[in-house]
Amino acid sequence: MTDLPRNQHIIASGLIAAIGITVAYVSFTQEPADAFIFPRLIASVFAVLAIWTFGKAVLGRTKVGNGLSAAAMRNLAPGLIVTLIYVYWAAKGLGFYTATTIAFFVLLSLYDPAPHGQLKSWLKRIVITAGFMLVMYGLFAMLLNVFTPKEILF
Amino acid sequence: MEFLFYMGDVFTPMNFGLLLLGTIGGLILGATPGLSPTMAVALLIPFTFKLEPQQGLILLGAAYTSTVAGGAVSAILLKIPGAPANIATTLDGHAMAQKGEGAKALQLSFIASAVGGVFGVLLLIFLTPILAQWALAFGPSHLFWLAILGVTVIGTLDSSSVVKGLLSGCIGLWLATIGFDDIMGAQRFIFHPSVAGGINVIPALIGLFAIPQVITMFTKGRSSDDAEIISVKRHPIRKAMAEVFSRKRALSIGTAVGSIIGLIPGVGGQIAGLVAYDQSRKFSPDKDKFGTGHSEGVIAAESANNAMVGPSLVPLLTLSIPGSPTAAVLLGGLLIHGIFPGPDLFMNYPQVAWTFIDSMLIGQILMCVFGLYIAGLAANVARIPHGVMAALVLGLAVFGSYSVQNSMGDVYVMATLGLAMYFLERFGFSAAPLVLGLILGPIAEANFIQGSMIANATVGMGSYFFTGWLNWLLIVIVIASVSYSVWMEIAQRRYTTKDDAVAKEEALS
């Protein structure tokens, strides 16, 4: 295992251990105690296993999980940023259908292997986006009667 | 023979239409690499809200059956398994396609899948009422241990690390406690308004299964699968049918192995296909032909991965313990209609239970018929670029989660859990035990509290939870599954170097 995955394992298992300890702390200190009997049971096992996993990561004895390579991070970063903006802000802020259309088109443009320099590729992306949105509108707005947040745009 | 009484319900226009839709859609989705059966079924759940319970289950059951079989199309024609259950099919199926026997390999795979699948569903039909009757005797302590068993078995058998598998299960159990406590009404771990009402299972399932796939597709960048679809020459179905039934050994090994493995919670179709393939090769006089395009390899693998579908639902329908991640998603499909499976399912909702099971039987035949005719189309769908597929799945996941309760909170929960799961998977954690923990958590807690009350009023906690043959049987199985997995992990480590393990994991991911 190279240093990169080892450090990543330490950070990841450290975070989980921190969550485990926090959950255990909350379970054993919150009132009413009767409401936390089962969480205490779970949190104890959770914390012990999380600390064990963290210890193994620190000692470099983690056997499974390859972490994230630099190339994978580079590839996923744009998609992840678009996803985060879409889900946590745009879907509510801009309106569900508007945000989905923009996010879908941006993701297609970022990840579709068709060349960026051809007009035909862009037309294809526009047609796919329009088709997808029509299907989604038909399914959710018309068939399932789902009322989506409209906000400033549709 | 109660199942015969409800057989007619499968053929009402609406039910049969949904069965056809689920079957054809499932075959196409299954052929698409990256869309696992569990994810396909999870994404379909929001579309069942407006349907009657049995109609929703018919759609989900048909999709489950067909996605497992549809995965064979891309395995054979593209050498890319549509689902993990089709890995073993690739070994001989693609070799057959390269020899110009692609159509024959597809026909063998669908016919073998149907035979295995029908046997598996018959097992479900005949085993379920017996187990359900037996399960009526279960008290709170038994149900508590059974829930723990479900999480433990999946946590240990489905993960590459026992500790990380159990830790995933614990995370799932903890997530299930978020929200208001049922008895005291106390707030527990509510750190954001989105989780004030607890974590809704459906958005959680969608997030945990769909979002990691979306991000995995992002990591592939702008590349596309360059795999060339091998053109298929016509081959008479009659001959394929005759070949499947002449390969009795491979067919019976595949069907038996798949059915047995299906009954064991947490083992799954991937193992069923690989074990059946391996056993079939061991018992075959033509051992050397395996891997070079031998029909027995395809028949054994495909009959096994579909034979496990029916039995994998036995623990769900009788004990309300989902035996696999897909069964857990089906449980979600039942819960949204207010139906809780378990021993009394067949008494309270016989029409729902039996129509669903009957539809799976008919679905196996439809899957075979349509599979034979739309395999070519499905193979083309398999070539959709990753970027397009990622955007499609993300859009469906967001809309699907929102539509559960018309709540943005559910979308945030879905995305947060999905993103976290992607990173957890990169570090050796698995989604299956987490999902099982999330679903079985309320069952475990409710029965633990109920059992504690009975115990405090009668014999005490120790005696109530740790005495009686059934409690001990369940405890022994929990300990045995953990011990076996630890032993297997140590034994494997002894013969595998760290580099081998890393290379193997890279290949699998």
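Guide: Let's begin with the surroundings of B:Arg188. Leaving aside neighbours within four places in sequence, B:Arg188 is in contact with A:Ala35, A:Phe36 and A:Pro39 of chain A, and with B:Thr177, B:Ile178, B:Gly179, B:Asp181 and B:Glu445 of chain B; contact means heavy atoms within 4.5 Å. This is a predicted model, in which local features need pLDDT of at least 70 and side-chain atom pairs count only at pLDDT 80 or more, while totals for chains, interfaces and linings use all residues; side-chain values use heavy atoms, with hydrogens and water left out. Residues are numbered from 1 along each chain as its sequence is written, and chains are lettered from A and ligands numbered from 1 in the order in which they are written.

B:Arg188 belongs to strand β2 (residues 187-188) of chain B. Strands (E, at least two residues) and helices (H or I, at least four) are DSSP runs, numbered from the N terminus. With a relative accessible area of 3%, B:Arg188 is buried; buried means under 20% relative accessible area, exposed over 50%, and partly exposed in between, using a 1.4 Å probe and protein chains only.

What does this side chain meet? The side chains of B:Asp181 and B:Arg188 form a salt bridge (3.9 Å, N to O), that is, a side-chain nitrogen of Lys or Arg within 4 Å of a carboxyl oxygen of Asp or Glu. Side chains of opposite charge can pair when their charged atoms come close. B:Asp181 and B:Arg188 are both buried. The side chain of B:Arg188 also reaches the backbone oxygen of B:Thr177, at 3.2 Å.

For a contrast, look at helix α11 (residues 268-283) of chain B. There B:Arg281 and B:Asp278 are joined by a salt bridge (3.1 Å, N to O), and because they are 3 residues apart in the helix, about one helical turn separates them. B:Arg281 is partly exposed at 33% relative accessible area, and B:Asp278 is partly exposed too, at 24%. B:Lys282 makes a salt bridge with B:Asp278 as well (3.3 Å, N to O). Over all chains, the count comes to 9 salt bridges.

Now back to where the chains meet. The contact takes 69 residues from chain A and 65 residues from chain B. Together the two chains bury about 6,100 Å², 78% of it on carbon and sulfur atoms; buried area is the accessible area (1.4 Å probe) that two parts lose on being put together, summed over both. A:Phe38, A:Asn66 and A:Tyr111 supply 11% of the area that chain A buries against chain B, more than any other three residues. Between chain A and chain B there are 0 salt bridges.

How far can you trust the picture? The predictor gives the complex an ipTM of 0.91 and a pTM of 0.81. Chain B has a mean pLDDT of 82, with 91% of its residues at 70 or more; pLDDT is the predictor's confidence in each residue, from 0 to 100. In chain B, confidence is highest in helix α18 (residues 408-426), at 91, and lowest in helix α22 (residues 498-508), at a mean of 48. Where pLDDT is low, the predicted coordinates should not be read in detail.

Methods. A polar contact is a pair of N or O atoms within 3.5 Å; within protein, one must be able to donate a hydrogen and the other to accept it, and residues adjacent in sequence count only if both atoms are side-chain atoms.
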